[in-house]
Amino acid sequence: MAKQNARQIADWNGPSGERWVVNQARLDAMLAVFGQAAIEAAAPVKGERVLDIGCGSGASSFALASLVGAQGRVLGVDVSDSLIERARALAPPDTTARFQVADASSAKLPEGAFDILFSRFGVMFFDDPAGTFAHMRRALRPGGRVAFVCWRGVAENGWVRLPMDAIKAIVPSTASPHPEAPGPFSFGDQGRVARILTTAGFTEIAIAPLDATVPFGEGETREAAIDDAVQLAVEAGPLSRVLADQPNELRTRALASIRAAFEGLTIERSVMTDGAAWIVTARNPFHPPQGVHHRE
Ligand SMILES: C[S@@+](CC[C@H](N)C(=O)[O-])C[C@H]1O[C@@H](n2cnc3c(N)ncnc32)[C@H](O)[C@@H]1O
């Protein structure tokens, strides 16, 4: 049997990881509002211990560490060597956040050692989401809580839908992945997210929509902001894969079409696109329900 999460682990240690390292500052700017909303939902207080799943280059871990203070603890785990390396390099001198390269589905985590299980867009990539959440739940103390943010569907997320639509007539269509296949939009279905968490043994599950502008790309002038947004669209996220192996002529036409789509939007140093996410919270019950399965 193939190793669990083998594809995603290879991708986050390969092309996706490299693109995230290169675009880290732009991606942090784009995701800031969503991460902040998830942190508010987690409501960490001084002294709490937080596990940040799929922490990437660490922006949310640093923010959480400053909230839990010197008596608290934040452990960021991620499968990507290069992103963990980046997180360690970006760590402010006084942060208590620590980082570990590990797969959330199998990481050796001390039982009951955390108060909060947190993630900013890092929990949609598991082959077995319910099994992985059950594994992570055991690292939470009884009564501990979960708070994460994940994307809703592609159709509601203009930052990816607009460029995708713009190249549809140009690039020969590639098969869309199954909506539940591990990837950024696999938690788009609210019912599925609730089922995963229930199967993993969580209670008090709440899933609330968050609509916010995604500032896409950045530049001093309108032209520079659009150029940067086009570059970001083809370098990071699902489009990069679609365009990777296309001939130059086709890529040039695709880029021009994405540019035209962005030109129609509001530009304020960034191209202001629509973003749609779920803010998800849940609790590890004091008394786990009988018959909790570890599979979805
Ligand atoms: C979309 S990025 C988000 C990164 C970071 N949380 C942020 O907001 O900047 C998803 C992250 O999840 C990580 N990831 C994917 N599968 C994972 C797994 N099984 N265990 C731990 N991390 C994983 C990736 O390496 C990547 O850093």
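The model is predicted, so local features need pLDDT of at least 70 and side-chain atom pairs count only at pLDDT 80 or more, while totals for chains, interfaces and linings use all residues. Residues are numbered from 1 along each chain as its sequence is written, and side-chain values use heavy atoms, with hydrogens and water left out.

**The sheet**

- Seven strands form an open sheet of mixed pairing in the order S3-S2-S1-S4-S5-S7-S6, where strands (E, at least two residues) and helices (H or I, at least four residues) are DSSP runs numbered from the N terminus, and two strands pair if DSSP finds at least two bridges between them.
- The edge strands, each pairing on one side only, are S3 (98-101) and S6 (203-216).
- From one strand to the next the twist averages 20°, with axes being lines fitted to C-alpha atoms, for helices over the stretch in contact, and angles running from 0 to 180 degrees between N-to-C directions.
- Strands S5 (residues 140-151) and S7 (residues 271-283) run antiparallel and are joined by seven bridges; in S7, threonine 281 is the bridge partner of alanine 147.
- S2 and S3 pair in the parallel sense over four bridges, and aspartate 78 stands opposite valine 101 in S3.

**Helices across the sheet**

- Helix H4 (residues 59-68) lies across S1 (49-53), S2 (73-78), S3 and S4 (114-120), running at about 170° to S2, where contact means heavy atoms within 4.5 Å.
- Helix H8 (residues 190-199) lies across S5, S6 and S7, and runs at about 135° to S6.

**Salt bridges**

- The count comes to 17 salt bridges, each being a side-chain nitrogen of Lys or Arg within 4 Å of a carboxyl oxygen of Asp or Glu.
- One of them joins aspartate 211 and arginine 152 (2.9 Å, N to O), linking strand S6 to the loop between S5 and helix H7 (158-167), with the two residues 59 residues apart.
- Aspartate 211 counts as exposed because its relative accessibility is 56%, whereas arginine 152, at 6%, counts as buried; buried means under 20% relative accessible area, exposed over 50%, and partly exposed in between (1.4 Å probe, protein chains only).
- Another salt bridge joins arginine 192 and glutamate 180 (3.3 Å, N to O), with arginine 192 in helix H8 and glutamate 180 in the loop between H7 and H8, twelve residues apart.
- Arginine 192 is buried at 4% relative accessibility, while glutamate 180 is partly exposed at 34%.
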